[in-house]
Amino acid sequence: MNIKRWIKNAKIKTNPHVNQVVLNNLLNTLDKSKSEHSADVQLSVWRIIMSSKITKFAVAAIIIIAVYVGINQFGGLFSDAGVVWAEVADKIDLMPAFTHRSKRIIICDGKEIPSLTSDVVTYYSPEYGIREDARNQSGRLIHQVYILWREGLSVTIQPALRQYKTVELAAPDVEQFRITLKQLIQPLRSGQYTELGSKIIDGVEVEGVEISDPCLFAGSIYPIKFDSVVIRLWVDVRTSLPFRADADSVTSDKYITVFTGGKPAEVKAVMDEFQWDVQLDQGIFELNVPDDFTLMTDETDSRDEGKAVLGLQNFAQLTGGKYPGSLNLIAVIKESHERIKNADGINIAGCKAIKALRPACLFYGELVKQNKDVVYNGSAVTAEDTDAVLMRWKIADNEYRVIFSDLAAENVSAERLAELEKRQ
Amino acid sequence: MLEDRLLVWRLRRGSRDALRRIYEKYRDDMLRIAAGLLSQTNSAEDVVHDVFLNFVRSAASFELTGSLKGYLTTCVANRARNVLRSQNRQRTVSLDDTDPVVSDFKRPDQWIICGEQFSLLSSALAQLPYEQREAVILHIQGDMKFRDIAKMQETSTKTVQSRYRYGTTKLRSILDGEVPK
């Protein structure tokens, strides 16, 4: 006799009536807990927001990317009796800002990667951009994404790797970065969707659609590229606003696959707790990257001295002869952001200056990584100075490469370098 | 596992639908485990009801670190052990000294309906020392690892494995005579 199998197969049945009675009792208890402790629940759910320096607003959750891309796919009226999906897009467009919360799980080879499971809070502002903070189950920040309209950049920060990456936004004209959701929606209305009907979620009557399109994020400003995406979007019938969204996707983007040994990963997300029409402070979109974080690059990035010098030249031309105070790209973005913040409109020069400096930042970062004794004096040297050392690094035992304030470059001995630096 | 993490996450945010799904998914398993640990089905029903009730009450601050089934099973086992202790104490002390139950909610009818096979098993389990019964039920029906059972019983993994071995050997000898081949 296989006792283990026998015991495993010894089942019970349950009284359906009692099942329901007990369930009702549990549901009533849940409802009572919610109403009695609603403030506490808010605090526990939003502890991350409440403990951060940005506490001015009493907002809820996220998901701009999936929501607006989902909305973008609606091609017209949904039905006579149900949600009018064009109205959904219009309603979102009228909102000055909104936030939302989501849970994301990453799976590789059929197994969840617990360290990447995250609670995500996203803030959307049509004026400043998008910010997303993802924290793991212990509350530790695992990534941040800033998509900044005025700077024309998206910046993704990886605290675990102490790295960040930047992607320039595709729009050729920075003015386009301020377009509203409605303007974004129009070019994307050609997508197809499947109606899911209506149901009740958490006591709210909703109607849903499913959108499945491998190109759903193609050309979008979101920094991760997906191989396939399926989104099920549920809209509150009463308000015609998104109530919840579930997303299933597959990605081979190295930003994710760096954690999976290069294997493709599934990303599953549940998004809800939308808060519409919220006040978002500009400070939310200020980049906050530690100084010792390095730029994430790939093989296509140039680390060439010539391109670095050209970048510095372009920057100086845009800024009237000044060089950036640092060749840390985040510091450059912040420096430019300061100028942009005070401008009446978009500072196109600031955006171009950031873009111009990327090769120089990469080159500098490479020299630091190789321990080349690199020194950069951009905060003290301008293009007007004579024979001042802008940047120098070691190329051999007693030899340094020097870039002067006029961007001329020369190899000098260590003694000669000492003399030049003494004069500064 | 993935679904459970999502369900717990939603439950923490007050989702009735998530609670319903968790309850329907694990109700029968927990009742079966409780009934295997305790000879009396009434006590087993009370234990499971209280475990779910406590779970709901702590939902807002609940953090799932392992498997949900494992968590609920552990709660059922702990509560079953407490019930047994209090029943043993009741034989020598007054009822006023017994452990309070979480809820005084009265179920209208009997909840657990035992089939013949389970009734046979329940009678056989009642003949085992409690630690052996616990090791067998939690490992086979609760899918718990020996090291987790050892942690709960505050003993070594080897001891739990021995208890399991002795328990299943005794059950086999009891049931061999009862179960048709």
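Which residue stands opposite Val375(A) in strand 16 of chain A? Arg392(A) does. The views below come from a predicted model, in which local features need pLDDT of at least 70, side-chain atom pairs count only at pLDDT 80 or more, and totals for chains, interfaces and linings use all residues. Residues are numbered from 1 along each chain as its sequence is written, chains are lettered from A and ligands numbered from 1 in the order in which they are written, and side-chain values use heavy atoms, without hydrogens and water.

**View 1. An open sheet of four strands in chain A has the order 15-16-17-18, with antiparallel pairing.** Strand 15 (375–376) and strand 18 (409–413) are the edge strands, each pairing on one side only. Two bridges join strand 15 to strand 16 (residues 389–396). Strands are DSSP runs (E, at least two residues) and helices likewise (H or I, at least four), numbered from the N terminus; two strands pair if DSSP finds at least two bridges between them.

**View 2. Helix 7 (residues 146–153) of chain B has the buried residues Phe146(B), Ile149(B), Ala150(B), Met152(B) and Gln153(B).** Seen down the helix axis, these fall within an arc of 160 degrees, so they line one face; the arc is that of the directions from the axis to the C-beta atoms. The face turned away from the buried side carries the exposed residues Arg147(B) and Lys151(B). Buried means under 20% relative accessible area, exposed over 50%, and partly exposed in between (1.4 Å probe, protein chains only). Glu154(B), which follows the helix, has a positive phi, near 55 degrees.

**View 3. Phe259(A) lies in the loop between helix 8 (254–257) and strand 13 (265–276) of chain A.** Phe259(A) counts as partly exposed because its relative accessibility is 32%.
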